[in-house]
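This briefing presents selected features of one protein model. The notes below are grouped by topic and should be read alongside the sequence and coordinates.

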Amino acid sequence: MDHSNHVRLAATELTPAVLEGATVYGADDHKVGKVDHVHGAGAGSQAIIDVGGFLGIGAKPVAVPLTDLDFMRDEDGDVHAVTTWTKDQLKDMPEHRH
């Protein structure tokens with residue numbers, strides 16, 4: 001997917017209501033997971049991403065700093081994120097526990 005024409009979200013849009021459910025694309029532009037929920041507010045917040053699994057079964061939640069994700073809207077207005085992490089790197093992270 002070519003993300004160059006996608007509109008970056010403004011800082012004021014980085015809210016759980018906007019970000020939850022966003023698809024996350026990794027360094028190789030493959031889908032690496034989905035944003036399950038967001039912890040905190042502002043620059044220090046974290047996105048909890050469900051990585052792996054199939055149809056939501058067996059996915060592993062991992063926490064990454066919100067600053068590691070570049071959130072944007074595609075031509076249809078759908079929010080998604082791009083990160084430099086690969087799926088394997090995310091799978092190797094410790095599981096996030098509530």
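This is a predicted model: local features need pLDDT of at least 70, side-chain atom pairs count only at pLDDT 80 or more; totals for chains, interfaces and linings use all residues.

**Surroundings of H6**

The side chains of H6 and E75 are joined by a polar contact of 3.3 Å.

- H6 counts as buried because its relative accessibility is 6%, and the cut-off for buried is under 20%.
- Leaving aside residues up to four places away in sequence, H6 touches M1, M72, R73, D74, E75 and H80.

**Nonpolar core**

- The largest nonpolar core has 19 residues, of which I49, L69 and F71 touch the most other members.
- At least two residues of this core come from each of strand 3 (31-39), strand 4 (46-51), strand 5 (60-65), strand 6 (69-73) and strand 7 (79-83).
- With residues up to four places away in sequence not counted, I49 is in contact with V24, G33, K34, V35, D36, K60, P61, V62, V64 and L69.
- In soluble globular proteins, nonpolar side chains tend to be buried together.

**Strand pairing**

- Strand 2 (residues 23-25) and strand 3 run antiparallel and are joined by three bridges.
- Y25 has K31 of strand 3 as its bridge partner.
- The hairpin of strand 2 and strand 3 has five residues between the strands, and D29 in this hairpin adopts a positive phi near 65°.
- Six bridges pair strand 3 with strand 4 in the antiparallel sense.
- K34 has D50 of strand 4 as its bridge partner.

Definitions and conventions:
Residues are numbered from 1 along each chain as its sequence is written. Side-chain values use heavy atoms; hydrogens and water are left out. A nonpolar core is a set of buried Ala, Val, Leu, Ile, Met, Phe, Trp, Tyr and Cys residues joined through side-chain atoms within 4.5 Å. Buried means under 20% relative accessible area, exposed over 50%, partly exposed in between (1.4 Å probe, protein chains only). Helices (H or I, at least four residues) and strands (E, at least two) are DSSP runs, numbered from the N terminus. Contact means heavy atoms within 4.5 Å. Two strands pair if DSSP finds at least two bridges between them. A polar contact is a pair of N or O atoms within 3.5 Å; within protein, one must be able to donate a hydrogen and the other to accept it, and residues adjacent in sequence count only if both atoms are side-chain atoms.
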